[in-house]
Amino acid sequence: MNNIENNIKILKKKIQYLLTNNNTESKKIKIIAASKNQSVENIQTALLSGIYEFGENYIQEGINKIKKLKKNNKIIWHFIGKLQSKKTKLVAQYFDWCQTIDREKIAILLNKYRIKQKVPINVLIQINISEENNKNGISIRNYQKLAEIVSKMPNLNFRGIMAMPKKKKEIIKYQDYKNINNIFNILKHKYQSVDTLSLGTSFDIKTAIMYNSNMIRIGKSIFKN
Ligand SMILES: *Cc1c(COP(=O)(O)O)cnc(C)c1O
């Protein structure tokens, strides 16, 4: 068994353990393999181990892989990188999900460029949960207005929120996760289409699941040697 295959096996076991041994509302966790800088061959290995959703950060790198793997129509592609407005058209054309909407302009452009005959693109609003100045995402004070706009766009399917909490000292750390869970609950009750909390990377899988994440984005723990 090679590393990727083994890593995925361990990851799936860990998730199963966390779901059955913790007090979480999540029933099922979707694994998104964060495949930035990974080769098409590594993605194919992950596919053979039952991972079907991949997250790319850089638009051109992502599109190259999408084209090379076009024959495999089981794959679902997520855009998880910082989104510049001039790249929005490409995301609308090639990806199934965009997890990083953080301003109105991006939402308008994604909606505009999503080809009509395709299904609406699934979108998440990225929340700047740790309120870092240089981090991407919309402030927790302003997300409601953006949610209202996104939910009304015909070519966007508003599925929920994404966040990347900063590594912090134990005591203060959990407040960010509580806040993001609260925002998720508010939006879930307000919008029928909202069902996704994309929270958790290799370092905080357990905490994320304890705060009801149902989508984790995993790079290192899948692709490490
Ligand atoms: C790289 C990346 C991840 C995965 O992080 P790991 O620490 O490698 O698991 C998740 N989300 C985003 C937005 C990323 O850029």
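How many nonpolar, polar and charged residues does the shell around the ligand have?

**Entry 1, the model.** I am working from a predicted model, in which local features need pLDDT of at least 70 and side-chain atom pairs count only at pLDDT 80 or more, while totals for chains, interfaces and linings use all residues. Residues are numbered from 1 along each chain as its sequence is written, and side-chain values use heavy atoms, with hydrogens and water left out.

I counted four nonpolar, four polar and three charged residues around the ligand. In this scheme Ala, Val, Leu, Ile, Met, Phe, Trp, Tyr, Cys and Pro are nonpolar, Asp, Glu, Lys and Arg are charged, and the others, Gly among them, are polar. I listed the surrounding residues as Ala34, Lys36, Asn57, Ile80, Met164, Thr201, Ser202, Arg217, Ile218, Gly219 and Lys220 (a heavy atom within 4 Å of the molecule).

I looked up the side-chain N or O atoms facing the ligand. Ser202 has one 2.5 Å from a ligand oxygen. A polar side-chain atom of Lys36 is 2.8 Å from an oxygen of the ligand. For Arg217, a side-chain N or O atom lies 2.9 Å from a ligand nitrogen. The protein buries 87% of the 380 Å² that the ligand exposes when taken alone (Shrake-Rupley method, 1.4 Å probe).

I found Val40 in helix α2, residues 40-48 (a DSSP run of H or I, at least four residues). Val40 counts as buried because its relative accessibility is 13%, and buried means under 20% (1.4 Å probe, protein chains only). Beyond neighbours within four places in sequence, Val40 is in contact with Lys65, Lys68 and Leu69 (heavy atoms within 4.5 Å).

Methods:
Polar contact = N/O pair within 3.5 Å; in protein donor to acceptor, adjacent residues only side chain to side chain. Helix = DSSP H or I, 4+ residues; strand = E, 2+ residues; numbered from the N terminus. Buried < 20%, exposed > 50% of the residue type's maximum accessible area, 1.4 Å probe, protein only.
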